[in-house]
Each structure stands twice: as C-alpha cells, then as structure tokens.
Amino acid sequence: MSQGATPTLLHDWVAVIDLGGNHSHLVARKVRECRVYSEIWPYMTPVAKILERRPKGIILSGGPASIFGEGAPNCAEGLFHAGIPVLAIGYGMHMMTRTLGGKVSPGAPNQFGRARVHILDRTDLLAAIDEEAGGAMIGCMRHGDYVKEVPPGFDVIARTDDMGIVAIRHPERRLFGIHFHPEVEGTSHGQEVLRNFVLDICGCRATWTMESFVESIVEEIRQQVGSERVLAALSGGVDSAVAAALVERAVGEQLTCVFVNTGFMRAGEPEGVCQFFSSRMGKCFRSVDASERFLSKLEGVADPELKRKLIGEEFIRVFEEEARQLGEVRYLVQGTLYPDVIESVGADKQVIKSHHNVGGLPEHMQLDLIEPLRQLFKDEVRDLGIVLGLPPSIVWRQPFPGPGLAVRICGAIDKERLEIVRQADAIVCEEIEKAGLGRDIWQYFAVVTDTRSVGVTDDARTYGYAVAIRAVQSQDAMTAEWSRLPYELLDRMATRIMREVGHVNRVVYDISSKPPATIEWE
C-alpha cells in the first residue's frame, strides 16, 4: 500500500508541499479536520508527479528559510500554471510572489509574533471571518521577509499596520498568498481560512471520515490479499491493534497475530498483552519469546540509528520464521503511521530517525507488507480504533516505541541498565496514573542516561546513573510540549527511583519541547 493508494481515488484531496518548515504536518492535519484528505509532499517533487494524482488544491506550507538565502527551497513555476487553486503560506507566499513577478524585500530581523490583520476583501479566502475587537483578526507571523509589490494580476486582500501586505489573491487563477500561519494556535480564525480555501475555493467534498476510511481500506485489503494467509505484528499498542483489527475485518481467519517479546518491553507488559489478545483471538494469536535473541543482537550497541535498524531487521527475521512454521504466508501487517514515514524520510531527504518499521526495515524481505494506517496521524488512529470497537484500554494506551526500552537507554545496552530503565519507568507510570493524570498526558516514561555522577548513600560515596523523567503533551507526535507536572509528583517519582532502583543516584526532569528535541531521547 503505497502513499495515498486508495483514499485519493475515493476522496477529493489537497497536496501540502513541504518547504522545509516544522509545521507542514499541522497544515495537513488542519485540512483533514475539514474532512478533506491531505498528503505532505517534498518541495522537490516533480509537478507532473503531483498532478497525475489529481489534487483539488495545493498548499505551500511555508518554511524557516529566506528567499534571499543560498540554496533556499523552490518549487517549479508550473505549479502556479496548472489551473489548480494554490494557497501559499509564509515563505511560500514570498516564493510565489517573486516567481510570478512581484517584489519581496528583507525586513527587520525577528519579525515574529501576533499582529492585527485588517481584512480588505471578504470575497473568498477571508469570507465569513468575524473581526476581533478593534476591527482586525489576529495573525501569527513567522518571517522577516515581506511582500513589497504584488505580482501582475494580484490584489491585496489584507494588511497590517506595520508590516503592510499580508494576504494577496489572483482571482481568475485562484492563487492566494498569506504571510500569517493559519495552522498555528496563535492565529485567530485560522481554521476558517483553511476551510474557505479547501471547501469553497477548491470545491473539495467533505467525505474524509474514519467510517469512510474503513470501508475503502477493507475493500483494498481484500483485493490485495485474496485467499492468501496474513501475519500481523501485534505489540499490544493502539497502532498495531487497530491495523490488525482492520485486516481481521477484511480477511477473517486468514489472519494470525504474532506478539514478539523482544525483552525491551515495560514491566508486566508481555504478560498483559498475551492475556488480553489470546482471550480475544484464540488460536489466531501466537506469542514468541525472543528476548535473549534481541538482547544478544543489541548488547553493547550504542548508536541509536544502529539500534533501530538492528531491531527492525530482527523483527522481520522472527516474523519470517513464524510464517514458515505456519506455511504459505505471504503478507505481514504493520502499524506504520504517517509520522513514522515523515520522520524516517524528511522533506529534504534528511532522516530525523529511522523508525524500526520504516527506515529500519531490511533491504530484502520474504514477506510483502500491508500497512493500512500509513496515511493516518495518531489522533486519527485513535478515532479509527473507536469506530472499530476496540476497548479504551487499547485505544488510549500511551505510545510506546517499537524498539521499546532499547531507545530509552542512552548508549550501550546491557542487562543491568535494561533492568534500571524498566524499574524506573514502572515507577513513573505508576505515580502518574495514581495522580489521575494518565489520560491527560500524551506520553510519560523514564530514560537511563549515559551520564554517571557522584552521590551519597548511607554516608558512603556512590557513582551512579542519572535517570531522566520525560512527560509530554501532543496530538500527533509531530510536535510536543513538555508537561508541567506538579512538583509534589516529581518529588515522589524522584525519591522512589533513587530509593528503589539500584545504581541510580540522580533524577532530572526533561523540559525540552519538540522541536528542537524529539519525544524519545534516541
């Protein structure tokens, strides 16, 4: 199931062109909130390749670059002559302006923040937007450059007092540019701006729902699989559980779900997963204890990318062995999500990190992949789980990386540090759940760092590990903000970790947001 295989055949869709910014995924998600399918495409994608997929509209997502910078991203001019509506945001507006004959000037540095936007024309893009008190909507600006002169045929449809032109339009060609970012929380009425573009200007039908997705993807799976047998990689998390439930709905008893205990699971997790899914699926569920095998493969490995790639390959080899035991199995189901794909191969071809189920896959595989969630964000997967009738304990389970605790040990892996992180993580989870915050926090866990420090226990010098506690808020894992946990809760977790977990004499709390950090440490 390649990028956008089925949804765009059955649904109108909008292409989001990533110009190197951190917010392309936010634009795509906001479009989907209009019940219109969207996909993120790198800016260097040939125009013909995008157009052959017949998008109803194109959004240039913006980026941090200046058009005056060396090697600044650029799209082919043909994108603006394809007869398809275009909305260019931020840097995209500057690029479109200069490409089509307008003038852009560099402004004062650090010209960022909220500004009052005075709407001059409410015909289309800015239609039905109520002005805030004082006669202006609020727009979040993130660029130093600005449009000094619009291209031929364009109108100015909004200004600010100090920055001048912030929204332009070519009415006949349906080309629009806005200096502010409608996808971020700081912009008032941003969703209305995107809805006006997607539904009214592009004419998209609002048919993208999880109910319609189930219908289309189940039929596609049936056509792909036929009478072949299928294995599903089932970790117990929402992604793999939803993927398995979709395939089970499509092919029934042709599916066998396999849970692999890598030895990098959280405390009590293998037992809980096996108990739940064996009672639910009976003979269609299999459990494999490969903990010694994985630990042997990873022991002493310190490089995060190598960890992920080794784990990804070993997963596949285990499933290939299970397939041979079952006989005549052709397909393997994975719970790969859209953020996995985006992070494993970024818009500028820079890998953020190789997810074990994307960039960590071996080059040669004996099984063909089925990835029914590859086009979905995390919040959409949870909605899909509810539609499929999965229990809340699965749907709202906090995210857990495929490599598990292996990427929560900074540096080389060994049994001692693995046990440290497992015990510390159990304390963090227990205390947050006891505090009633389990559903309020996107993800929370402990990390064993590769830093050791001097401490004192029972009047004796110690030289132990520093453990970091991480808790974040997010919607789709593409961005995240650190959680403001109560000091009393942090104190309880730190005290218990240093008292109950051996070889630890220091606990720190990670207050880094994503970006520039990632959620996981490795």
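The following legends describe close-up views of a predicted model.

Residues are numbered from 1 along each chain as its sequence is written, and side-chain values use heavy atoms, with hydrogens and water left out.

**Figure 1. Salt bridge between Arg-397 and Glu-269.** A salt bridge is defined as a side-chain nitrogen of Lys or Arg within 4 Å of a carboxyl oxygen of Asp or Glu. In this pair the closest N and O atoms are 2.1 Å apart. The bridge links distant parts of the chain, 128 residues apart: Arg-397 belongs to the loop between α13 (392-395) and α14 (415-434), and Glu-269 to helix α8 (residues 269-281). Helices (H or I, at least four residues) and strands (E, at least two) are DSSP runs, numbered from the N terminus. Both partners are buried, Arg-397 with a relative accessible area of 14% and Glu-269 with one of 10%. Here buried denotes under 20% relative accessible area, exposed over 50%, and partly exposed the range in between (1.4 Å probe, protein chains only).

**Figure 2. Salt bridges of Glu-33 with Arg-29 and of Arg-374 with Glu-371.** The closest N and O atoms of Glu-33 and Arg-29 are 4.0 Å apart. These two residues are separated by about one helical turn, because they lie 4 residues apart in helix α2 (residues 24-33). Glu-33 is partly exposed at 41% relative accessible area, whereas Arg-29 is buried at 5%. For Arg-374 and Glu-371 the closest N and O atoms are 2.6 Å apart; Arg-374 is partly exposed, with a relative accessible area of 21%, and Glu-371 is buried, with 8%. Elsewhere, salt bridges that share partners join Glu-430, Glu-431, Lys-434, Arg-492, Arg-496, Arg-499 and Glu-500 into one network. The search of the whole structure finds 33 salt bridges.

**Figure 3. Packing of helix α14 against helix α15 (residues 487-500).** The two axes come within 10 Å and cross at roughly 150°. This angle makes α14 roughly antiparallel to α15. Axes are lines fitted to C-alpha atoms, for helices over the stretch in contact, and angles run from 0 to 180 degrees between N-to-C directions. Angles under 35 degrees count as roughly parallel, over 145 as roughly antiparallel, 65 to 115 as roughly perpendicular and the rest as oblique. The crossing of α14 and α15 is right-handed; a crossing is right-handed if the near helix is turned clockwise from the far one by less than a right angle, and left-handed if anticlockwise. Among the α14 residues that meet α15 are Ala-424, Ile-427 and Val-428, and the α15 residues involved include Leu-489, Met-493 and Ile-497. Contact means heavy atoms within 4.5 Å.

**Figure 4. Crossing of helix α7 (residues 238-251) and helix α12 (residues 378-387).** The axes come within 10 Å and cross at roughly 50°. The helices are therefore oblique to each other, and their crossing is left-handed. Val-238, Asp-239, Val-242 and Leu-246 of α7 make the contact with Lys-378, Val-381, Arg-382, Leu-384 and Gly-385 of α12.

**Figure 5. Surroundings of Ile-67.** Ile-67 is located in the loop between β3 (57-60) and β4 (86-89) and is buried, at 6% relative accessibility. Beyond its neighbours within four places in sequence, Ile-67 contacts Ala-72, Tyr-91, His-94, Met-95, Arg-98, Val-104 and Asp-145. The C-alpha atoms of Ile-67 and Asp-145 are separated by 8.1 Å, although the residues are 78 apart along the chain.

**Figure 6. Backbone geometry at His-189, Glu-328 and the prolines Pro-515 and Pro-516.** Most residues other than glycine have a negative phi, and most peptide bonds are trans. His-189 has a positive phi near 65°; this residue lies in the loop between β11 (175-178) and α5 (190-201) and is buried, at 18% relative accessibility. Glu-328 also has a positive phi, of about 60°, and lies in the loop between α10 (304-326) and β15 (329-333). Glu-328 is exposed, at 71% relative accessibility. A cis peptide bond, with omega about -15°, joins Lys-514 and Pro-515. The bond from Pro-515 to Pro-516 is cis, with omega near 10°. Pro-515 is located in the segment after β20 (504-509).

Terms used: This is a predicted model: local features need pLDDT of at least 70, side-chain atom pairs count only at pLDDT 80 or more; totals for chains, interfaces and linings use all residues.
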